[in-house]
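Student: Hello! I would like to learn how to read a protein model step by step. Could you take me through one?

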Amino acid sequence: EWMHRSLGGIAPARDGYAAARIAPVISPTLGPSAVNASVMTVRGRFESSWVRGEPASLEPLVRLSVRVPAAASAYVRLPLLGRAEEAVVVIEEVSGVQLWPAPGAEAEGRGEVEGVLGLSSGSDGIEVELAAGSFRFALQTVDQGKVDGS
């Protein structure tokens, strides 16, 4: 259970896993560089898989893949890894859409990716509210976003 809740970050957000919180504990430099975790619930299987990029590389800081079963929703936290929210870009890689910061005047970028219900930020990460589905997020520095053409 510790691995699911800490490294995989999967925990109930509402009774019976009607919603899950997926907030993996990822160190910028220490501990594992990749984790796969899943939890089977009465609503279906929640999955969390992440890979931490190497410092000073062109890889994203973190790639996080999640799967939310059909009868549920999730709140996913992408950790900032010691960076300010203004210094990062979040891309939903399946669609190629930049979610954070939201491009243009539309605050929070909602509705651009099917299943993404909302975005917010806090001192420890960018939170994405999700409906059921499979999603793959890349957290990059602003400079990496420019290099990748995003």
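Student: What percentage of the 150 residues of the chain count as buried?

Tutor: Good place to begin. This is a predicted model, and 45% of the chain's 150 residues count as buried. The chain exposes about 7,400 Å², with carbon and sulfur atoms supplying 52% of that area.

Student: Where is confidence lowest in the chain, and where is it highest?

Tutor: With a predicted model, look at the confidence score, pLDDT, before anything else. The lowest mean, 62, belongs to helix 2 (residues 142-147), while strand 2 (residues 19-22) has the highest, at 98. Residues 105-111 need care too: their pLDDT is below 50, and this stretch has 9 contacts in the model beyond near neighbours in sequence. Averaged over the chain, pLDDT is 87, and 87% of the residues score at least 70.

Student: How many helices and strands are there in the chain?

Tutor: You will find 2 helices and 11 strands. Along the sequence the pattern reads α-β-β-β-β-β-β-β-β-β-β-β-α.

Student: How do strands pair in a sheet?

Tutor: The general idea is that strands of a sheet pair through backbone hydrogen bonds, either parallel or antiparallel. In this structure, an open sheet of 6 strands has the order 3-4-5-11-7-8, and its pairing is antiparallel. Strand 3 (34-41) and strand 8 (97-100) stand at the edges with a single partner strand each, so one side of each has no neighbour in the sheet. On average, neighbouring strands of this sheet are turned by 20 degrees against each other, direction ignored.

Student: How many bridges join strand 3 to strand 4?

Tutor: Strand 3 and strand 4 (residues 44-52) run antiparallel and are joined by 8 bridges. They form a hairpin, with 2 residues between them. You can follow the pairing residue by residue: Thr41 has Gly44 of strand 4 as its bridge partner, and Ala34 stands opposite Val51 in strand 4.

Student: Which residues make up the covered face of strand 3?

Tutor: The covered face holds Val35, Ala37, Val39 and Thr41. Ala34, Asn36, Ser38 and Met40 form the uncovered face.

Student: What about the other edge? How many residues lie between strand 7 and strand 8 in their hairpin?

Tutor: That hairpin has 4 residues between its strands, and Gly96 in the turn has a positive phi of about 80 degrees. One of the partners to look for is Val97 in strand 8, which is the bridge partner of Glu92.

Student: Now the side chains. How is a pair of aromatic rings described?

Tutor: Tyr17 sits in the loop between strand 1 (10-12) and strand 2, and Phe46 in strand 4, so the pair links distant parts of the chain, 29 residues apart. Tyr17 and Phe46 are both buried. The pair of Phe135 and Phe137 is stacked, at 6.2 Å centre to centre with 10 degrees between the planes. Phe135 and Phe137 are buried as well.

Student: Is Trp50 buried or exposed?

Tutor: A residue counts as buried when its relative accessible area is under 20%. Trp50 has a value of 1%, so Trp50 is buried. Find Trp50 in strand 4, then look around it: leaving aside neighbours within four places in sequence, its contacts include Leu7, Pro24, Ile26, Val35 and Leu64. Trp50 and Ile26 are 24 residues apart in sequence, with their C-alpha atoms 8.9 Å apart in space.

Student: Where does Leu80 lie?

Tutor: Leu80 lies in the loop between strand 6 (73-79) and strand 7. With a relative accessible area of 4%, Leu80 is buried. Not counting residues up to four places away in sequence, Leu80 touches several others, among them Glu85, Val88, Ile126 and Leu139. Ser27 is 53 residues from Leu80 in sequence, and their C-alpha atoms are 9.8 Å apart.

Note on methods:
Residues numbered from 1 in each chain as written. Heavy atoms only, no water. Pairing = 2+ DSSP bridges. Axes fitted to C-alpha atoms, helices over the stretch in contact; angles between N-to-C directions. pLDDT = per-residue confidence, 0-100. Contact = heavy atoms within 4.5 Å. Buried < 20%, exposed > 50% of the residue type's maximum accessible area, 1.4 Å probe, protein only. Areas by Shrake-Rupley, 256 points an atom, 1.4 Å probe, with all protein chains shown as cover. Phe/Tyr/Trp six-rings, centres within 6.5 Å; stacked < 30°, edge-to-face > 60°.
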